[in-house]
Amino acid sequence: MSIPFFNTHIKLASDIIAADLSIIVMMITALVFLTVAKKWKALWMLIRTTDHRKIGILYIAFGFLFFLRAGLDAMLMRTQLAFPDFHFWVFHGEKYNQVMTTHGTLMIFFVAMPFLIGLMNIAVPLQIGTRDMAFPFFNSLSMWLFVIGGVLINLSFVLGGAPSAGWTSYVPLAADKDIAGNGTAFYAMGLQVSGIGTIMTAINFIVTILKNRAPGMGFMKIPLFTWSALITSILILLAFPALSAALIILIFDNQFGTQAYDGGSGSPVLWQHLFWAFGHPEVYIVILPAFGIFSEVIGTFSSKRIFGYSSMVLSMLVIGFLSFMVWIHHMFTVGLGPLANVVFGITSMLIAVPTGIKIFNWLFTLRGGSIRFSTAMLFSLAFIPSFVIGGVTGVMQAVVPADYQYHDSYFVVAHLHYVMIAGTIFGAFSGFYYWWPKMFGYILDEKIGKWQAWTFIIGFHVTFFPMHISGLKGMPRRTFTYLPEDGLFELNFISTMGAYLMGISVLLFAWNLFFSYRKKEKKSVADPWNGRTLEWAVSSPSSHMRWPRAPLVRDLEAFWHEKERGDGTLIPSAKEESQIFVEKPTILPVLLSGGFFTLSFGLIFEVLWIAVIGAVGILLLMGWRSISFERNIKLYTSKQLEKAIRKEEG
């Protein structure tokens, strides 16, 4: 059974009905909770906020919701692959392709990135001694555009079919509307809208870090997490336009019948070049902030200054530079010729060198340190051997003749997850446990946290290590079944059990959030870890627009320096500012993102009047922002701001 919906039909299959019912139940539950708990006013304030800390929390909250959806997709895939020649529910054939595509797309763009950008929002302004991001309005708008992009990708499943050409959306399959339907349009518009927000975020961080640092904080006194945020933002600014251009062409090919990627008059290889020119820097866009987190956590819980600070900064810069010179290692089998393959094989091996430098620096930081095995530290320590495995298999694939054997096998799937999960997700969990007091003013329970860490780490290796072997035995990626005589059952079954263990770990994390909120341990929440950088010098949770006067930075580890050589308090700058600008809360970012949603919806379903309403709405709201800008600014003196901060902190 199906019902018509604009230019498509919604098939009321059992999985679609289950998804619709779950959405309705979640919406009703949310409405009841907000009403019973009397949280409507708090919600209204939250969605209008321009405070970097609250925006960071929203990034992480929405990222976690998408994490649950993408994780569910992973569980469905692993269940389908647990047994040979298995047909689990409806998740085989085309439906498996849809689940596989949304899993990869959500994990890369709507889980890894918001987790890390959320932590960047929370920690970076605190670490550099500034009051907020340079452009608070843009910060809010960027976050809501990310949300709208994620909503579009998720809605595709219940509105006529999700994208099914893989998270890389290879053409000409993705450009063929008879095969892909509206799935490609959902994919392209979702990534395009969220990509606009991500580019705005990058500009915001670059300006904030370069222009708004506290007095005395030269470039070689910037904390490593902030350095990683700066380099990541530069990579975003250079890489995302390539993806935007690729998606615009894809939309025209899919929706309007142009043939830029067609195998006849156009070139499918053009998509691969544009996508991977973005795609490989993207790997480091989601890895470098995690490197910064590990540096902060390992230094703090080793009670030592990070070993080789200058080489750590230099290695991140080199990684950022080389990340734009390796994309063709995804295309060794395309047929570009031996010269291109050799050159990019060499650069792919070279990029392992600065990464290796960082590994040794973390190990030398641990050596001789007074190590405390907190949950954040467990994730950081587990990252080192796990990421090394991923790095070694990456170098193996840089050997061109060997890559011809590994290519499009489960060996590549194992490598990708050893890099992305061991780097990004381990880093995100480490950052959550580390900076949770800065977000909410209490510590997550360490006992539950360690159970969660060990189940996730063990489940991760049980899931993905066997995939190296199944790949070497010939199992192709993006396949929904295999035969009993292939000899792959045991390996796939073990991987499925590991995936279930990781699922249990995520449920333990959710339980920890609830348990710790009810318990609310507030022991030394301002500086619970005996921190070394500026964020631990302010209250927890950090107040909006803290520091009536900017702190004076006298050392790389500014707060630790004041603990050892002063009285443990920061010295304020001698300069007293006569005008401090504070952006008031505003609903405009939400309305603007709604305009982008309406425009995207009209383009996806080819309904011109809906698209026009969205476009006109965006232009009108942008005009209103221009003429109402000054009304949304509040001015303080240093003394007035100090009084406001004391009132906020109670």
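Predicted model: local features only at pLDDT ≥ 70, side-chain atom pairs only at ≥ 80, totals over all residues.
Helices here (H or I, at least four residues) are DSSP runs, as are strands (E, at least two), and both are numbered from the N terminus. Residues are numbered from 1 along each chain as its sequence is written, and side-chain values use heavy atoms, with hydrogens and water left out.

**Confidence**

- The pLDDT (the predictor's confidence in each residue, from 0 to 100) averages 90 over the protein chain, and 98% of the residues score at least 70.
- Helix α16 has the highest confidence in the chain, at 95, whereas helix α21 (residues 638–649) has the lowest, at a mean of 71.

**The nonpolar cores**

- A nonpolar core is a set of buried Ala, Val, Leu, Ile, Met, Phe, Trp, Tyr and Cys residues joined through side-chain atoms within 4.5 Å; buried means under 20% relative accessible area, exposed over 50%, and partly exposed in between, with a 1.4 Å probe and protein chains only.
- The largest such core has 184 residues, and F115, F291, W362, F383, F426, F432 and F456 have the most contacts inside it.
- Helix α4 (residues 94–127) gives the most to this core, with 20 residues.
- Another core, of 6 residues, lies apart from it and includes M545, I580, V582 and I645.
- In soluble globular proteins, nonpolar side chains tend to be buried together.
- Contact means heavy atoms within 4.5 Å, and F426 is in contact with F294, F379, A382, F383, S386, I421, F456, I457 and F460, leaving aside its neighbours within four places in sequence.

**Aromatic pairs and charges over rings**

- Rings of Phe, Tyr and Trp (its six-membered ring) pair if their centres lie within 6.5 Å; planes under 30 degrees apart count as stacked, over 60 as edge-to-face and the rest as tilted.
- By this rule the model holds 68 aromatic pairs.
- One of them is the tilted pair of F219 and W227, with 6.2 Å centre to centre and 40° between the planes; F219 is partly exposed at a relative accessible area of 41%, while W227 is buried at 8%.
- F383 and F387 also form a tilted pair, with 5.2 Å centre to centre and 35° between the planes.
- Both F383 and F387 belong to helix α13 (residues 375–398), where they sit 4 residues apart, about one turn of the helix.
- F383 is buried, with a relative accessible area of 0%, and F387 is buried too, at 9%.
- A charge sits over a ring if NZ of Lys or CZ of Arg is within 6 Å of the ring centre and within 35 degrees of the ring normal.
- F219 has the charged end of R213 over its ring, 4.6 Å from the centre, and R625 lies over the face of F137, at 3.7 Å from the ring centre.

**Helix α7**

- The expected span of a helix is 1.5 Å times one less than its number of residues; for the 29 residues of helix α7 (residues 183–211) that gives 42 Å, which agrees with the 42 Å between its end C-alpha atoms.
- Of the 29 residues of α7, 24 are buried, so this helix is largely enclosed by the rest of the structure.

**Backbone exceptions**

- Most residues other than glycine have a negative phi, and most peptide bonds are trans.
- V171 and P172 are joined by a cis peptide bond with omega of about 5°, and P172 lies in the loop between α5 (136–155) and α6 (177–180).
- S540 and P541 are joined by a cis peptide bond as well, with omega of about -5°.
- R478 has a positive phi, near 60°; this residue lies in the loop between α16 (446–472) and α17 and is partly exposed at 32%.
- E606 has a positive phi of about 55° although it is not a glycine, and its place is in the loop between α19 (588–604) and α20 (608–628).

- S542 is buried, with a relative accessible area of 2%, and touches R53, L126 and K438, not counting residues up to four places away in sequence.
- V538 counts as buried at 9% relative accessibility; with residues up to four places away left out, V538 touches L126, K438, A526, R546 and W547.
- The C-alpha atoms of V538 and T569 are separated by 9.7 Å, with the two residues 31 apart along the chain.
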